[in-house]
Amino acid sequence: MKLLMEDEKMKIGEVINWNAVDFDLEAADKAEALEKVCEMLYRDGSITSAEEFIRDVYLRESEGHTGIGGGIAIPHGKSEVVARTCISIARLKKPIAWETVDGEPVRVIILFAVGVRDKNSYFVKLMSQVARMLARPGVCEQLTMCTSQQKLSEILGG
């Protein structure tokens, strides 16, 4: 993945790890969901330790809610075990309880795996772009119903 210059527009689709996308993830709760998503990243080689990365994700979770409402959670971890900064996306078979701003369960997890070298400007740009995308009318609802890579790519604009 090439590094982006400050004036280049980042495309979310370019940082999605398509090997770590699941449209039918079965998980009973938040812990199991995070374990399974991290395992996908580990198998792909994007992280070098699922256990250490999960610890870093939970460290961030302790700082505040990552359930942004509308059935979406955006957990993230900044970690030394991230070999490649990327996004993993999982649509759950059944909604699960999560600490959310609207008190509703989560159906889609958008997990940011961020390497320590990318934790400042690159990460901030990436998060703000995803936040803008999720704020567009209907996007969260479309994500909760998405069942294909092609549709996901269309929703995310790239």
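## Terms and model

A residue counts as buried when its relative accessible area is under 20%, as exposed when it is over 50%, and as partly exposed in between, with a 1.4 Å probe and protein chains only. The structure is a predicted model, in which local features need pLDDT of at least 70 and side-chain atom pairs count only at pLDDT 80 or more, while totals for chains, interfaces and linings use all residues. Residues are numbered from 1 along each chain as its sequence is written, and side-chain values use heavy atoms, with hydrogens and water left out.

## Overall layout

The chain contains 6 helices and 6 strands, which are DSSP runs numbered from the N terminus (helices: H or I, at least four residues; strands: E, at least two). Followed from the N terminus, the elements come in the order α-β-α-α-β-β-β-β-β-α-α-α. The chain has 158 residues, of which 49% count as buried.

Ile109 belongs to strand E6, which covers residues 106-115, and Ile109 is classed as buried because its relative accessible area is 1%. Although Ile109 and Gly67 are 42 residues apart in sequence, their C-alpha atoms are 8.8 Å apart in space. Val82, by contrast, sits in the loop between strand E4 (76-79) and E5, and at 4% relative accessibility Val82 also counts as buried.

## The largest cavity

A search of the whole structure finds 2 cavities of 30 Å³ or more, a cavity being a set of points on a 1 Å grid where a 1.4 Å probe fits but cannot get out, with lining residues having an atom within 4 Å of a point. The largest cavity holds about 40 Å³ of space, where a volume is the space filled by probe spheres set on the points. Its lining is made up of Val21, Asp22, Phe23, Ile89, Ala90, Arg91, Val108, Leu143, Cys146 and Leu152. Strand E1 (16-25) and strand E5 (86-96) are the elements that give two or more residues to this lining. By class, the lining of the largest cavity has 8 nonpolar, no polar and 2 charged residues.

Which contacts does the side chain of Arg91 make with backbone oxygens? A polar atom of the Arg91 side chain lies 3.2 Å from the backbone oxygen of Phe23, and the side chain of Arg91 also reaches the backbone oxygen of Cys146 at 3.3 Å. Arg91, which lies in strand E5, is buried yet has no salt bridge, and the nearest side chain of opposite charge, that of Asp24, is 4.8 Å away.

## The second largest cavity

The second largest cavity has a volume of about 30 Å³, and the residues that line it are Ile12, Ile87, Ile89, Ile110, Val130, Met133 and Leu156. The elements that give two or more residues to this lining are E5 and helix H4 (121-135). The lining residues of the second largest cavity divide into 7 nonpolar, no polar and no charged.

## Salt bridges

A salt bridge is a side-chain nitrogen of Lys or Arg within 4 Å of a carboxyl oxygen of Asp or Glu, and by this rule the count comes to 5 salt bridges. In one of them, the side chains of Lys93 and Glu26 meet at 3.2 Å, N to O. This pair links distant parts of the chain, with Lys93 in strand E5 and Glu26 in the loop between E1 and helix H2 (30-44), 67 residues apart. Lys93 is partly exposed, with a relative accessible area of 37%, and Glu26 is partly exposed as well, at 48%.

The side chains of Glu61 and Lys30 form another salt bridge, at 2.5 Å from N to O. Here too the pair links distant parts of the chain, since Glu61 is in helix H3 (residues 50-61) and Lys30 in helix H2, 31 residues apart. Both Glu61 and Lys30 are buried. Lys36 forms a salt bridge with Glu32, the closest N and O atoms being 3.3 Å apart, and because the two are 4 residues apart in helix H2, about one helical turn separates them. Salt bridges that share partners also join Lys30, Glu61 and Glu99 into one network.

Key: On a 1 Å grid over the protein atoms alone, a cavity is a set of points where a 1.4 Å probe fits but cannot get out, and a pocket is an open set with protein on both sides within 12 Å along at least five of seven lines; lining residues have an atom within 4 Å of a point. Ala, Val, Leu, Ile, Met, Phe, Trp, Tyr, Cys and Pro count as nonpolar, Asp, Glu, Lys and Arg as charged, and the others, Gly among them, as polar. Lys and Arg count as positive and Asp and Glu as negative; His and the chain ends are not counted. A polar contact is a pair of N or O atoms within 3.5 Å; within protein, one must be able to donate a hydrogen and the other to accept it, and residues adjacent in sequence count only if both atoms are side-chain atoms.
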